[in-house]
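Here are my notes on this one, point by point. Have the model open while you read.

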Amino acid sequence: MRFTTFCEKLLRVVFTAAQRVAFAVLFDAVLPDDPLVATMFGALGEVPPVARRVAVIVKGARVGGTRFSATRL
């Protein structure tokens, strides 16, 4: 079971659209078919599999980064 599916189905976590895309790439190592991918990752066309497990998050406060990272751990 993918981690995002585990969170949504079993933990009842409600992701925003951007969180769903980001965590699918980071935690599930998949590139979803979603228009947000180009907005979030640029016109790469593909995020290399080796880069899908590395995250550098530049974010503001209260966007859920700590909560979801802690959930993953």
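1. Let's start with M1, which counts as exposed at 74% relative accessibility (buried is under 20% relative accessible area, exposed over 50%, partly exposed in between, with a 1.4 Å probe and protein chains only). M1 sits in the segment before helix 1 (helices are DSSP runs of H or I with at least four residues, strands are runs of E with at least two, and both are numbered from the N terminus).

2. A word on what we are looking at: this is a predicted model, where local features need pLDDT of at least 70 and side-chain atom pairs count only at pLDDT 80 or more, while totals for chains, interfaces and linings use all residues. Residues are numbered from 1 along each chain as its sequence is written, and side-chain values use heavy atoms, with hydrogens and water left out.

3. M1 also belongs to a nonpolar surface patch with F6, L10 and L11, and together they have about 440 Å² of accessible area. The patch rule takes residues with over 30% relative accessible area and no salt bridge, joining nonpolar side chains (Val, Leu, Ile, Met, Phe, Trp, Tyr) within 5 Å and like charges within 9 Å. The areas themselves are Shrake-Rupley values with a 1.4 Å probe, and for residues only the protein chains shown count as cover.

4. L10, another patch member, is in the loop between helix 1 and helix 2 and is exposed at 56% relative accessibility.

5. Have a look at R12, in the loop between helix 1 and helix 2. R12 is not a glycine, yet it has a positive phi of about 60°. Most residues other than glycine have a negative phi. R12 is exposed too, with a relative accessible area of 69%.

6. T16 lies in that loop between helix 1 and helix 2 as well, and is partly exposed at 43% relative accessibility. The C-alpha atoms of T16 and V63 are 9.9 Å apart, although the residues are 47 apart along the chain.

7. The count of salt bridges comes to one (a side-chain nitrogen of Lys or Arg within 4 Å of a carboxyl oxygen of Asp or Glu). The pair is E8 and R20, at 3.0 Å from N to O. E8 belongs to helix 1 (residues 3-9) and R20 to helix 2, 12 residues apart, so the pair links distant parts of the chain. Both partners are partly exposed, E8 at 27% and R20 at 38%.

8. What is the volume of the largest pocket? About 440 Å³. On a 1 Å grid over the protein atoms alone, a pocket is an open set of points where a 1.4 Å probe fits, with protein on both sides within 12 Å along at least five of seven lines, and lining residues have an atom within 4 Å of a point. Grid points are joined across faces, edges and corners, and the volume is the space filled by probe spheres set on the points.

9. The largest pocket is lined by 18 residues, with A22, F23, M40, V56 and I57 closest to its centre. Helix 2 (17-28) and helix 3 (36-41) are the elements giving two or more residues to the lining, and helix 2 gives the most, with six. The lining divides into 14 nonpolar, three polar and one charged (Ala, Val, Leu, Ile, Met, Phe, Trp, Tyr, Cys and Pro count as nonpolar, Asp, Glu, Lys and Arg as charged, and the others, Gly among them, as polar).

10. Last, V21 in helix 2 is buried, with a relative accessible area of 2%.
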